[in-house]
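I opened the notebook to keep a record of what I looked up in this structure, one entry at a time. The sequence and the coordinates come before the entries.

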2 protein chains.
Amino acid sequence: MTAFFTLRWHAPDAVELLDQRLLPRREHYLHLRSAGEVADAIRTLAVRGAPAIGCAAAYGIAVEAVRCRHLDASGFASALQAAFGVLAASRPTAVNLFWALARMRAVHEALAGSPPIHAASKLLEEAHAILAADVAANEAMGRHGAALVPDGATILTHCNAGALATAGHGTALGVIRSAVAAGKKVRVFADETRPVLQGARLTAWELSRDGIDVTLLPDGAAGHLMATQKVDLVVVGADRIAANGDVANKIGTYQVAVMARRHGVPFYVAAPLSTFDFSVADGRAIPIEQRDPSEVTGYGAERWAPDGIGVFNPAFDVTPADLVSAIITEAGVVHRPDTQTLARLRADAATA
Amino acid sequence: MTAFFTLRWHAPDAVELLDQRLLPRREHYLHLRSAGEVADAIRTLAVRGAPAIGCAAAYGIAVEAVRCRHLDASGFASALQAAFGVLAASRPTAVNLFWALARMRAVHEALAGSPPIHAASKLLEEAHAILAADVAANEAMGRHGAALVPDGATILTHCNAGALATAGHGTALGVIRSAVAAGKKVRVFADETRPVLQGARLTAWELSRDGIDVTLLPDGAAGHLMATQKVDLVVVGADRIAANGDVANKIGTYQVAVMARRHGVPFYVAAPLSTFDFSVADGRAIPIEQRDPSEVTGYGAERWAPDGIGVFNPAFDVTPADLVSAIITEAGVVHRPDTQTLARLRADAATA
């Protein structure tokens, strides 16, 4: 268990989530009471990380249902319709958002005609189930992934695929946590991950808070690290994985994967099945979010670039499947992922 | 001509240099009146960039000689001895520093026994000659390099190898300036270059100030840029080039070179002969400066990493010669640099 939580239900009527924009300086929890507030929190990165975005979106529907539970059926239905719309528009790349909304929509549609107060209760139950399943998936990924971590390993990670990016434990950092829990010694290098600095602010914070040895480096230093020190493995999360195993993840991941290949370092991706999008054949079809130039021209109160400068700020990139040594899921580890091995994973998981 | 200058002599007794720590917010010129002040300016990055560091060090000796010109011969000699020591210790990687100091020392030693006031005047002349030669070298590099830039080119650069990194015109940015002066249209992408942000602060500033189209990107986005848009060439500077063509340059350069190779983009290095160190066989022998953790844990007043976190902060990395398409020097362009082609360049330059 981590000493903090990413998000949870705060009865009777709020989604409570750790405001990640303020980390590591302040641990402040937001209380959000409408779908619009949750969508704002997702858009502005108060909560981020594909699995955490999925859980937040599920609770975004639940909190809206609870807020509107005393409306008549038609008022309730249009409020929910709007909630699905605003949440779906909050961020484009992480597929867990759409996956969670689809699960909530299925419950909502199955309850058409039942009293809003009953529907709200069922939608809240579904959000709880999504969150519980995410924690369980992370713990299973941790068990599977820990076997890939040698004792004494030096590990490089990029961005934050930790407890903060999920409902708990983490995907990439969950693998590391499980290895440590199994008694292995590890040393973690964390790319700072410009522009939003999730590595410097979140990964460094959550690992050091859990007593795991972590060293911060600029994104540009990862290649030099691999060229001059022994790195045993890279492990990262994912925002969307295509049917062929191409991985969309935080900008900079692609370069880390290319450098890992050059230096013979295994490159692992840890992600739950909810991060797979079998409707896209390969990474070219994954929409890449472009974010605001102000993320690149400075940070916080510091503005270091000249005013009015043009900026290229894609939030994600695509790592081709052939650079991925294995994908670690809750259903097991897929080595050398491709369309065939992933189709088999999907079929096995559906019948499990 | 640029609308600013990097450094110059300010008669009768000062080195005047643009404080690059304050750019792009303020154009403030420092007036330094001792070798110690110049060494501090180098160490704290008020002036940076290998050729500019060489010129600053030369003037650092000159300004100390002028300051001490009324001492007796033995006082003058020990002041100069200390000046050589403090300047040589200011930064370890850029070889231009040691090259310039060696030139100054040769003049100093040739004048042993002559009156300090005469020696000071000769040392100042030598510093002027080093600066003038650097500007001429940059302009020659620009002419040679501009031929490698297609009209309409999209160009990626890393760090700042501009007028600000030299006595004027620039190495990598000098090539771009010369291409523009020859009537070519170009579009430049500038890596922001964490941790000190020379790309965001200096390259973006100096190119936009000269009216050249420049777009800023996080270092992690360079691979995605090459994967999704046509980049015609990469051009960077160098801090030290080994006899075999291995290039030490700002941290992150190695990754850019690897990504360029993967995407079939020519990777050019522009550097004067003073940046070559034929005494080191290959890049493994080039000392890599480790800088302060505070450069990585935040910027300016913003501190974003957890307190006390471990940091890996190498200022430079080494790009192996086999990733370098060509090195652009004032004596011509060396394609596919290696020990043989560079030895020939050196021999030709010595007899030119």
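I worked on a predicted model, in which local features need pLDDT of at least 70 and side-chain atom pairs count only at pLDDT 80 or more, while totals for chains, interfaces and linings use all residues. Residues are numbered from 1 along each chain as its sequence is written, chains are lettered from A and ligands numbered from 1 in the order in which they are written, and side-chain values use heavy atoms, with hydrogens and water left out.

Entry: backbone angles.
I looked up B:His169 and placed it in the loop between strand 4 (153-157) and helix 6 (172-181) of chain B. Its phi is near 80°, a positive value in a residue other than glycine. I call a residue buried under 20% relative accessible area, exposed over 50% and partly exposed in between, with a 1.4 Å probe and protein chains only; B:His169, with a relative accessible area of 18%, is buried. In chain A I noted A:Arg336, a residue other than glycine whose phi is also positive, near 45°. A:Arg336 sits in the loop between strand 17 (332-335) and helix 11 (339-351) of chain A, and at a relative accessible area of 66% it is exposed.

Entry: cis peptide bonds.
In chain B, a cis peptide bond joins B:Arg194 and B:Pro195, with omega about 10°, and B:Pro195 lies in the loop between strand 5 and helix 7 of chain B.

Entry: two loop residues.
B:Glu192 is in the loop between strand 5 (186-191) and helix 7 (198-209) of chain B, and its relative accessible area of 0% makes it buried. Counting contact as heavy atoms within 4.5 Å, and leaving aside neighbours within four places in sequence, I found B:Glu192 in contact with residues including A:Arg194 and A:Val296 of chain A, and B:Leu197, B:Leu216 and B:Asp219 of chain B.
A:Asn160 is in the loop between strand 4 (153-157) and helix 6 (172-181) of chain A and counts as buried at 4% relative accessibility. Not counting residues up to four places away in sequence, A:Asn160 touches, among others, A:Arg48, A:Leu173, A:Gln198 and A:Glu206. I also noted that its C-alpha atom is separated by 23 Å from that of A:Ala301, 141 residues apart along the chain.

Entry: cysteines.
How many disulfides does the structure hold over all chains? I found 0, taking a disulfide as a pair of cysteine sulfur atoms within 2.5 Å. The sulfur of A:Cys55 has its closest cysteine sulfur in A:Cys159, 17 Å away, which is too far for a bond. A:Cys55 is buried at a relative accessible area of 2%, and A:Cys159 is buried at 5%.

Entry: helix 3 of chain B.
Helix 3 (residues 73-88) of chain B has 16 residues and reaches 22 Å from its first C-alpha to its last, close to the 22 Å expected at 1.5 Å a residue, where the expected span is 1.5 Å times one less than the number of residues. Its buried residues include B:Phe76, B:Leu80 and B:Phe84. Seen down the axis of helix 3 of chain B, the buried residues fall within an arc of 140°, so they line one face of the helix; the arc is that of the directions from the helix axis to the C-beta atoms. I listed what covers them, which includes helix 1 (35-43), helix 2 (50-67), helix 4 (95-110) and helix 5 (116-146) of chain B.

Entry: the contact of the chains.
The contact takes 55 residues from chain B and 56 residues from chain A. Chain B and chain A bury about 4400 Å² between them, 63% of it on carbon and sulfur atoms, buried area being the accessible area (1.4 Å probe) that two parts lose on being put together, summed over both. In chain B, the residues that lose the most area to chain A are B:Gln255, B:Trp304 and B:Phe312, together 18% of what that side buries.

Note on methods: Helices (H or I, at least four residues) and strands (E, at least two) are DSSP runs, numbered from the N terminus.
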